[in-house]
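I opened a notebook page for this structure. The entries below follow the order in which I looked things up.

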Amino acid sequence: MIDARTSSEPTPVPTDIQLRKKSGLLVLQYADGARYELPAELLRVYSPSAEVKGHGIGREVLQTGKRQVQMTGIEAIGQYAVRLSFDDGHDSGIYSWELLRDLGEHQQERWQQYLTRLQQAQASRDALPAGTQAIKIVDPDRNAGDAGGQ
C-alpha cells in the first residue's frame with residue numbers, strides 16, 4: 001500500500017477508536033476531522049499478518065469466504081497499533097496507525113482491488129457450507145508460472 005505522506009510527516013494517530021460489533025465496523029476518528037468506518041471484511045482481507053501477506057513480495061494469500069466475518073475484539077499494541085480478533089479465529093494481524101489511515105483514505109480503491117482479485121481467481125466472498133471442503137486442481141500446462149494455490 002502506498003501512502004502519499006512523506007517520511008518526515010508523522011502518521012496521524014486516531015483520537016478515538018470504536019469497535020461496533022453489531023454493525024461489524026471499526027470507527028476511527030482523527031484530530032484533523034477525518035472519520036472512517038472500516039468494515040470487518042475489509043480489515044480481515046487486508047490483515048497485515050503473514051497468513052494474508054505471505055512471506056515475501058508477490059506471495060500474498062487471497063482471503064476468500066470472508067463476507068460474514070465479524071470482529072470479536074481489539075487490543076492496543078503499544079502506542080503504534082491495534083490487534084484485531086475475528087470470529088474465524090484470526091488474530092495475528094497488527095494494524096499500525098499508518099495501515100488503518102491508508103485503509104480509511106483508500107477504502108473504495110482497496111475494496112475494488114480485492115473484488116477484482118477474487119474475480120480473477122474465480123473465488124467467492126461467501127464461505128463454503130459447513131462440512132464442505134474444496135480443493136483446486138491445477139493443470140500445470142495451462143497455468144505455467146502460477147503457484148496454483150489459494
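Are tyrosine 30 and tyrosine 36 buried or exposed? I find that tyrosine 30 is buried, and tyrosine 36 is buried as well. I note at the start that the model is predicted.

Entry: aromatic pairs.
I searched for ring pairs and got 2 aromatic pairs. One of them joins tyrosine 30 and tyrosine 36, with 5.9 Å from centre to centre and 70° between the planes, which is edge-to-face. In the pair of tryptophan 111 and tyrosine 114, the ring centres are 5.5 Å apart and the planes stand at 45°, so I logged this pair as tilted. Planes over 60 degrees apart would have counted as edge-to-face, and planes under 30 as stacked. Tryptophan 111 and tyrosine 114 both belong to helix α4 (residues 107–120), and because they are 3 residues apart there, about one helical turn separates them. I looked up the accessibility of tyrosine 114 and found a relative accessible area of 1%, which makes this residue buried.

Entry: arginine 101.
What sits over the ring of tyrosine 30? I find the charged end of arginine 101 there, 4.4 Å from the ring centre. Arginine 101 also forms a salt bridge with aspartate 32, and the closest N and O atoms of this pair are 2.7 Å apart. The two partners are 69 residues apart: aspartate 32 is in the loop between β2 and β3 (35–39), and arginine 101 is in helix α3. I then compared their accessibility. Arginine 101 has 5% relative accessibility and counts as buried, whereas aspartate 32 has a relative accessible area of 52% and is exposed. The cut-off for exposed is over 50%.

Entry: other salt bridges.
I searched the whole structure and found 11 salt bridges. One of these joins arginine 125 to glutamate 41, at 2.6 Å from N to O. I have glutamate 41 down as buried, at 7% relative accessibility. Glutamate 109 and arginine 110 form a salt bridge too, with 3.5 Å between the closest N and O atoms. Glutamate 109 is partly exposed at 42% relative accessibility, while arginine 110 is buried with a relative accessible area of 6%. I also found a network of salt bridges that links Arg44, Glu51, Lys66 and Asp88.

Entry: the hairpin.
Strands β1 (residues 16–20) and β2 (residues 25–29) run antiparallel and are joined by 5 bridges. I checked arginine 20 and found leucine 25 in β2 as its bridge partner. The two strands form a hairpin with 4 residues between them, and glycine 24 in the turn has a positive phi of about 70°.

Entry: the open sheet.
In what order do the 3 strands of the open sheet stand? I read the order as β4-β5-β6, with antiparallel pairing. The edge strands are β4 (71–77) and β6 (94–96); each has a single partner strand, so one side of each has no neighbour in the sheet. The twist from one strand to the next averages 30°. I counted 6 bridges between β4 and β5 (residues 81–86), and the bridge partner of isoleucine 77 in β5 is alanine 81. Helix α3 (residues 97–105) packs on this sheet and touches β5 and β6, with its direction at about 75° to that of β6.

Note on methods
Residues are numbered from 1 along each chain as its sequence is written. This is a predicted model: local features need pLDDT of at least 70, side-chain atom pairs count only at pLDDT 80 or more; totals for chains, interfaces and linings use all residues. Side-chain values use heavy atoms; hydrogens and water are left out. Two strands pair if DSSP finds at least two bridges between them. Axes are lines fitted to C-alpha atoms, for helices over the stretch in contact, and angles run from 0 to 180 degrees between N-to-C directions. Contact means heavy atoms within 4.5 Å. Rings of Phe, Tyr and Trp (its six-membered ring) pair if their centres lie within 6.5 Å; planes under 30 degrees apart count as stacked, over 60 as edge-to-face and the rest as tilted. Buried means under 20% relative accessible area, exposed over 50%, partly exposed in between (1.4 Å probe, protein chains only). A charge sits over a ring if NZ of Lys or CZ of Arg is within 6 Å of the ring centre and within 35 degrees of the ring normal. A salt bridge is a side-chain nitrogen of Lys or Arg within 4 Å of a carboxyl oxygen of Asp or Glu.
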